[in-house]
Amino acid sequence: MKKLLVFISLFTVLSSNAQYFETGQDPASIKWRQINTTNFQLIYPDYYEEQAQNLAWKLERVYDYGNYSLGYQPKRISVILHTQTVQSNGLVAYAPKRSEFYTTPHQAIYPQDWLEQLAIHEFRHVVQIGKINNELPGIIKFILGEQGTALVFGGYLPWWFIEGDAVATETALSKFGRGRFPSFLMEHKAPVVEKGKYSYDKAYLGSYKSYVPNHYRLGYYMVAKTREKYGSEIWEKTLSRVGKKAFSLSPFNKALKLETGMNKVQLYNSVFDSLEAEWQEADKQFQAAPYEIVSPPAKTYTSYQYNHWLNDSEFISYKTALNRIPSFVKINADGKEEKILQPGFIFEESASYRGDWIVWAEQVPDIRWSHSGRSVIRFHNISTKKDVQFNPEYKAFAPALSPDFNFAVVVECDFSNNNYISVYRIGNGELIQRIQTKNNNYFFSPRWINADEILAVILTNNGKRLALFDLKTGDYKILIEKDLGELKDLRIDGDEAYFISSYNGKNALYSYNLSTGETNLVFEPRFGAEDPAINKNGNIVLSDYSADGFRLIQLEKTLATPIEQIGRAEYKLAETLAKQERGIVDFTPQDTSRFISSSYIKSSHLFNIHSWAPVSVDPDSYEFEPGFSIMSQNKLGTAEAILGYKWDMSQETGQFYAKYRYKGWYPVFDINASAGEQASNYWLITERSSNGQLLKDTSLVRYTWKTSDVSADIYVPFNFTKGGYYRLLQPEFQYSLTSYKKDKSTFEDFPAGNYHSLFYRLYYHQLLRQSSQDVFPDFGFILDCNYRHSPNGTKGLGSLTAGQGVLYLPGILANHGIKIYSGLQNKNKGEIFSFSNVVRFPRGWGNADNDKMSSLAIDYKLPLIDPDLSLGVIYLKRITASLFADYANLKGTYTNGNNIDTFDYNISSYGVEIMGDLNFLHYYAPAKIGFRTSYLKEIQEFSFNFLFAIDFTSL
């Protein structure tokens, strides 16, 4: 029983917000439908009927394949389809249990239909978590509901296993998958060969100093190599033990020990020692053609991509780095670099050039709906600094300028996943032409050959193919029937079409002659290459991958090796995985029968109770108290509710409470109610006579009173993010009523009555995006204005007017930052109670009642060191320091005997905060821990504070 209580407490601390995990909302105008198959419930917009029918069939096809190597057939799960978002993603969540598909494909997908990719990958997650739930002791599910399963799954399984197992499955159950995708595989190969393997903590938990491939890439090697050596059943046994032994401290490690004799750290070392030896040996056999490095040297991981010759001696590239915000830069023959432009969020592989023009597709979120958004096609002239843009009709990617600079071709995808190559007039954004293939193939990397012909990559059932499109007729023809694996980054130079292909196992440079039809290998890199740029003299610049990012190289000699003389790549690890599965999922022979569909009425699905707990949970503040709570969240993520009872141990009183939040309309509605008792103490003075003397006794008497509270909050989160800035405008209005009533123990003068209050707020922030190593945004500001007052009721609370602002500025050195805070407030006190202070006090000082207050604070924050240091159960990634100075002026009144006096005094503090960015117990969610030392000038004392925070949003 003691173990169970520890388990519950740990759950509440680590996952109190998990039951409210939601990804956002779809537009309120959408009418939803549903399909219920044997194993899935699909929930989708009504216009997506045909695609939903097709996807339902594909999911059922995947079912018997995706569960095979884990030996578990999961129960039915809901799949929600987000069709209007410009993002491409998928996820599986528990508490509440569901999967979500973001149906828009992107330009960097591997050669398989996007929805098929999602079906295989996300279903494997369904199997993983279903198996944990099936093996879990019933007492956990009885006490905690679905969140008990979520806790064990997310708390005990490392994310490299969760995603690595899904990537291994997508690779084994298809002809492609990321395990056959060299750009996915090379990110570990390059640093291991050039620098040696990282420690387990660094490889899994990341670094501020170095680029570390994500847990998908790490996980593929860990899961696949372990399956290769010990068989696929090792992970089935591991999941079984994790579920059955949920009360043990480290069931995942224990399972690995039993099967392999190694824990996860030892297993990592074993896997990557083997890979290092294999890769080092292969690297010794490689001989690259001569080239010259033309990008400037960098102190940290830096990549140059999307390249273009501006003239014979200058070229343009899109630069990303750990210590810099992404930007387009110009590099001259001497290697000097000049920043041209800092764009907004560019879609993957969606930037190109012609002449002096840069053109890219930029993501713009919807003002209100997270699961919506649009594409903007933007142009910038390097010479004239002129900017042009137009809004395409649908979600658009991979723009390219026509030879006469008057038109742009883009890849488009509408809400129903109809795919097009579309031509727009640049001046007014007029749609000129739209081409769709008979099989609705998806398109990549379109490029103009001339005014009437476009070269593009299309996705077929057999992989990616190079195709030529005739704009006059709308017809196309496949130019290369051979499966070249990955196929991207088209460039045209006369009769030669250059592209990147993974045919020989690396992303290498190839060419196709439009006249002769010959295909040749032009350059094979050491690890991988992308984004060729060819000038009029035939000089080629490439992005060449290394352990320190994509550097730029200029080829001094190119090959002309016919593709017939090149061996097709073999992915032995992927083939081993495939042999351990039931076979490749065949999506071709579709059943022509249709599933029954019906309306999915939003108003009938506002509540979905999924979890409960023997503690009172506040998911907004990550707090818990003795009591109980019942949690609800609907599948569309528009309605959240919590009902519970909490016991205040210090007061020895309890309250029932209910909270409901609805996000399905343009404004968000937040309703809260509570009722119960509160308690406090007062000093009771009594008189008694003793031996003729009058004596006074003072005693501390406990009293209670009944309290109830109701509040309604309405706000609209307007998202105006555009370019490089995050922008949010949020107006808010709140009404609250608090009622205090006496009971038998309440003293006579207790201020019983009804307290009404109204709250008006206007919040706005505009913050420049940050690089990985930035401690603050280089520029940005926050404005927060609010007014509270008590308009009526038996008791008044007075009023409070307050305004706060934050300004961010760059520091002296890169990645340093300055934060300036200022606040003003004016308070009119109520008869008995008043509103709490809004403006912050200098650090180290406690709150004090006042009528007027002004506050000013400045922080200078800088990174001190990035040690990437493992200290037993702690992995320390970064240490930062912040020097601060705070000041405040307080004015007000106080009672001095029978007189009312005024005060006007200043308080200040100066000090330093030292914080460490770290992870505990190999847990993926990062934490911050540190201390603050403040000198309080006016009282000449020091104050010391312990600081701690943990970020669950990274999970």
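Is Phe405 buried, partly exposed or exposed, and what is its relative accessible area? In this predicted model, Phe405 is partly exposed, with a relative accessible area of 37%. The legends below begin with this residue.

**Figure 1. Phe405 in the loop between β15 and β16.** The loop that holds Phe405 runs between β15 (395-401) and β16 (407-413). Phe405 is not a glycine, yet its phi is positive, near 65 degrees. The residue counts as partly exposed because its relative accessible area of 37% falls between the limits of 20% and 50%.

**Figure 2. Asn417 in the loop between β16 and β17.** Asn417 is placed in the loop that separates β16 from β17 (419-425). Its backbone has a positive phi of about 60 degrees, although Asn417 is not a glycine. With a relative accessible area of 11%, Asn417 is buried; the class follows because buried means under 20%.

**Figure 3. The cis peptide bond between Ala95 and Pro96.** Ala95 and Pro96 are joined by a peptide bond in the cis form, with omega about -5 degrees. Pro96 belongs to the loop between β4 (88-93) and β5 (98-103).

**Figure 4. The second largest pocket and its lining.** This pocket has a volume of about 1,000 Å³. Its lining consists of 39 residues, and those nearest the pocket centre are Lys58, Asp113, Glu116, Asn439 and Asn461. Sorted by class, the lining residues are 16 nonpolar, 17 polar and six charged. At least two lining residues come from each of α2 (49-66), α3 (114-135), β20 (453-460) and β22 (476-478). Of the elements that contribute, α2 gives the largest share, four residues.

**Figure 5. A nonpolar patch on the surface, with Trp612 among its members.** The patch is formed by Ile609, Trp612, Phe628, Ile630, Leu643 and Phe656. Together these residues have about 570 Å² of accessible area. Strands β32 (609-618) and β33 (623-633) each contribute at least two residues to the patch. Trp612 lies in strand β32 and is partly exposed, with a relative accessible area of 33%.

How values were computed: Residues numbered from 1 in each chain as written. Predicted model: local features only at pLDDT ≥ 70, side-chain atom pairs only at ≥ 80, totals over all residues. Heavy atoms only, no water. Patch = residues over 30% accessible without salt bridge, like charges linked within 9 Å, V, L, I, M, F, W, Y side chains within 5 Å. Areas by Shrake-Rupley, 256 points an atom, 1.4 Å probe, with all protein chains shown as cover. Salt bridge = Lys/Arg side-chain N within 4 Å of Asp/Glu carboxyl O. Buried < 20%, exposed > 50% of the residue type's maximum accessible area, 1.4 Å probe, protein only. 1 Å grid on protein atoms, 1.4 Å probe; cavity = no way out; pocket = protein on both sides within 12 Å on 5 of 7 lines; lining within 4 Å. Points joined across faces, edges and corners; volume = space filled by probe spheres on them. Nonpolar A, V, L, I, M, F, W, Y, C, P; charged D, E, K, R; others polar.
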